[in-house]
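Dear colleague,

Please find below the structure for your review. My notes on it follow directly after.

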Amino acid sequence: MVPAEQGGGVMRADLLADPVAGLDEALAAVDAVDRVLVAGLLRPQPAQAEDLAALADAVAGSPLASVVAEATEKAAAGAAGEDHFVALAAARTALLGSAHDALMARVGEATGRPVAETIAAEPAEAQAVNLLVAARSWLCDLARAGWRGIDHDVVSGAAQVVSAMLPDPALRRLATVLDGFAAELAASCPGASLDRVPARRWADLWSRALLLTLPGAAAVPATETLTGRLLPLGVDLHEHATAAQAQVHAVFEPADGGAPRLVRAAVSAPKPDTVVGAGIWQLLRPHLSLLTAVSEGRSMDLVDMPATPEGDLVWSDEHARPGEPADALATARVVLPTATAAPTAPLDRHPARIAVPVFLEGYEVQRDDDTLTFTVAGHPLPVDTDRVPVAGPLTPDAVATSRACLGLLRWDAGSFHVQPLAVETTVRKKAVTVHAGAWAGGTTDKAGVKGREGRRRRRRGAPRTRRKAVAEMTEPTTGHTPGADAHDNRRQVLYWRLLARLFDREEQAALESASLAVVEDIGLPAALLDPQVSLDSIVQRHPELAAEFDGVMVPDADEERDRAAEVRRAALVSKLLLNVYGTCPGTVYAEQLARWQADAGWLERALGCRPGDLRGGRPAAGARGSGGAGVSPTGTGGNTGTPDLGQLIPQIGPDLAAIEADLVKRMHLREVLADPALASRLTPSMSLIEQLLRDKDNLSGVALANAKALIRRFVDEVAEVLRTQVAKATVGELDRSVPPKRVFRNLDLDRTIWKNLTNWSPDEERLYVDRLYYRHTARRTTPSRLIVVVDQSGSMVDSMVNCTILASIFAGLPKVDVHLIAYDTQALDLTPWVHDPFETLLRTNLGGGTDGRVAMALAQPKIAEPRNTVVVWISDFYEWESEPLFESMAAIHRSGAKFIPVGSVTSSGRGSVNPWFRERFRDLGTPVISGHIRKLVHELKTFLA
């Protein structure tokens, strides 16, 4: 809206239709870069060289001209380095930023709305340069491979970088971008099989992440605090397969009487991909106060609410309280025209980020099939109805019959569009307002209900409809068979109740009562709904359920659906997930940790694994015993095969380990260890052992003795598992140069008979033996030397434990001379204790950085006979000095010794390696072994055979 003092009151739609000078040329250059990234720059083709030249021409008159010209020349020759890729990303970002600025200038002319001045960013916190370099290296590897050339080996290089960045607040922004980007790429691997490559989106993410790796790029202006009145305009709901975000656009009126300003408040939550429609609001219930204000048309009074200079509120319910009623359309008519727009951060300057609140009325609506167009002052303005969320009562039909619209002005596909947030329409001769976020607070806009189609009616969350659904879902099954819809409703009620309990500790009475009726009706115990009751207790009271829990989450090969069985399975799965993922806050006691570990073991059994497999590969407590009546000792999942967990639930192993680690950290571990009765209730696990190893220097007396006992128990259990993998002791080849020992046990009877057949007497039917033959039993006695070098930094605790135990097992084999070296920034020769992994672990010091050169200085003198030596180097290879260390490793390989680089080896099969080292080891002919420890066992047995 143009402010009244400027003689306006109507948006200048004619300006939105006029072309913007230079816009098409800038976007064409961006498209050229995107095409280059699709094919990759490992071996550039002539067409890619032409696209790179177009980019250089587009920025020829800018300060980036010389840097980009050099970068495009090197990239076209296939010799681009990291600095050249950064220059390409900067040029692409600058072009999109200029397009954004030109479009926003046109929007400013059309609306007459002032824009606040940009606030300079404060210096960023000190960042770990090595992690930035590792992230930049991975992103450059992506550019070389291209979106068509990505595979899981290339994409997995981000995992270790992200995990190292997340604990650092200064790197968390970059880590989040890398994590989401890598997840999208992993879901699309291999890139060669993609029907359509999202070139613009992936190039946007790549450019943004690459620029964030530059020191100081993450600098942001300091937040301010706002006190005044918040007048919501509408809510824009963003849905993703794994997350949902509600972004509330509003006008803020300062308490000191200053000019009103446009602000945004975003709240988000994790989302299962099966949750759609109005159910998304249930996930956002922790932020109910904000969403209720939007749905009820009410203002909010803010006191010291944190906000960024870009107008984003860092929402906290502690700084807000409900205010007086405030109609959104009235706010748009009166306050919106004079509100000041917030500036845009440099890295956020992108045409896709344009979302300007506007208010339109007095327009005409044209409808062509599914396309709507507003004619404003004689000029067409397309309506983007695809962005209208299905989680509210606003529909295209309501927009088509509207006479006033509050929406967001966006730019897409070469033109401006308006996304409706709320409309004023007529229902049964009455003027009503229909909001896209009317259901955000859990209530129903009755006027909007009357005007929408029947398909939307089925999705609404009205209490009256919910009571009817509960009645249907709790209807007894005796006397008739419920239809498919009834079974689906029952299953959904159980899952809705699960989501409600996971994301909101307060019980939802309607869901609890409906779930109880469903569980009792299908013949399951009501204790399934009580998160305080463990799985062991349920199975002890109801032994017949043990078989049902085993493999319950393994996909069924039978294509025919049994909907009644799905309801029963939903009840069992809900119990498993609630007990494992619905952990209580606050202090954790030994009994709670032991119970959680047992419940997690049942979840692993439900996925078709042995208890403990997904959390570290050791048997869970009770896994080798009877485990109670009806409990399978192996827990292999019944008669189903072991699933491909990499495809079924790729991240469940690290998630379970993270939850367990959090529980251990919240224990008063020292107090528990000091009490023998409490310590005896602890079940050793990788997370607990890591905590004990980190804290062992602070323990003494009884606490230290109990800690050593737990470590010893864990070491013995893991050793038992690994010893089965090294089942047969390797032996050397037969030495035929040594005559066989002429004793009866070495007599080769078959060969003796065969060689003396010429002495057979047919008349006497007797075989005369004039020479006996014996088997060779002497073996070559040249010993093999095994040198194991293990990174003991904080990220490698799992590998340290497993490989220390593995080294002790191989040390017990005949003719194998094992040496063990552990290092971080200093190296420690643990060879004297290699036969006792317990004593070895007690001498480690977890944490710190990594400098492999100090370990190499200890390992090289131990290589006396290269042909009979194998060096196993176990690390994630995120080193301070990469080049000198790699040259030393290459020298060992060239000397004739067997060099085996191993990524962070875990029992669950997960690990990551610095992509710079991975590529060079591949070129050297010694590819990195990564993943399950079984791979390393196989390599060592092959060498020692």
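**Surface charge and backbone notes**

Lys755 is partly exposed, at 43% relative accessibility; in this scale buried means under 20% relative accessible area, exposed over 50%, and partly exposed in between (1.4 Å probe, protein chains only). The model is a predicted one, in which local features need pLDDT of at least 70, side-chain atom pairs count only at pLDDT 80 or more, and totals for chains, interfaces and linings use all residues. Residues are numbered from 1 along each chain as its sequence is written, and side-chain values use heavy atoms, with hydrogens and water left out.

Lys755 lies in helix α30 (residues 749-755); helices (H or I, at least four residues) and strands (E, at least two) are DSSP runs, numbered from the N terminus. Together with Arg742, Arg751 and Arg771, Lys755 forms a positive surface patch. Such patches take residues with over 30% relative accessible area and no salt bridge, with like charges joined within 9 Å; a salt bridge is a side-chain nitrogen of Lys or Arg within 4 Å of a carboxyl oxygen of Asp or Glu.

Asp304 belongs to strand β4 (residues 298-307) and is partly exposed, at 39% relative accessibility. Ala377 sits in the loop between β9 (371-376) and β10 (379-383), and is exposed at a relative accessible area of 57%.

Finally, the peptide bond between Cys189 and Pro190 is cis, with omega about -5°. Pro190 is located in the loop between α9 (172-188) and α10 (199-212).

With kind regards

Conventions
Patches are made of residues with over 30% relative accessible area and no salt bridge: like charges are joined within 9 Å, nonpolar side chains (Val, Leu, Ile, Met, Phe, Trp, Tyr) within 5 Å. Accessible areas come from the Shrake-Rupley method with a 1.4 Å probe; for residues, only the protein chains shown count as cover. Lys and Arg count as positive and Asp and Glu as negative; His and the chain ends are not counted. The place of a charge is taken as NZ of Lys, CZ of Arg, CG of Asp or CD of Glu.
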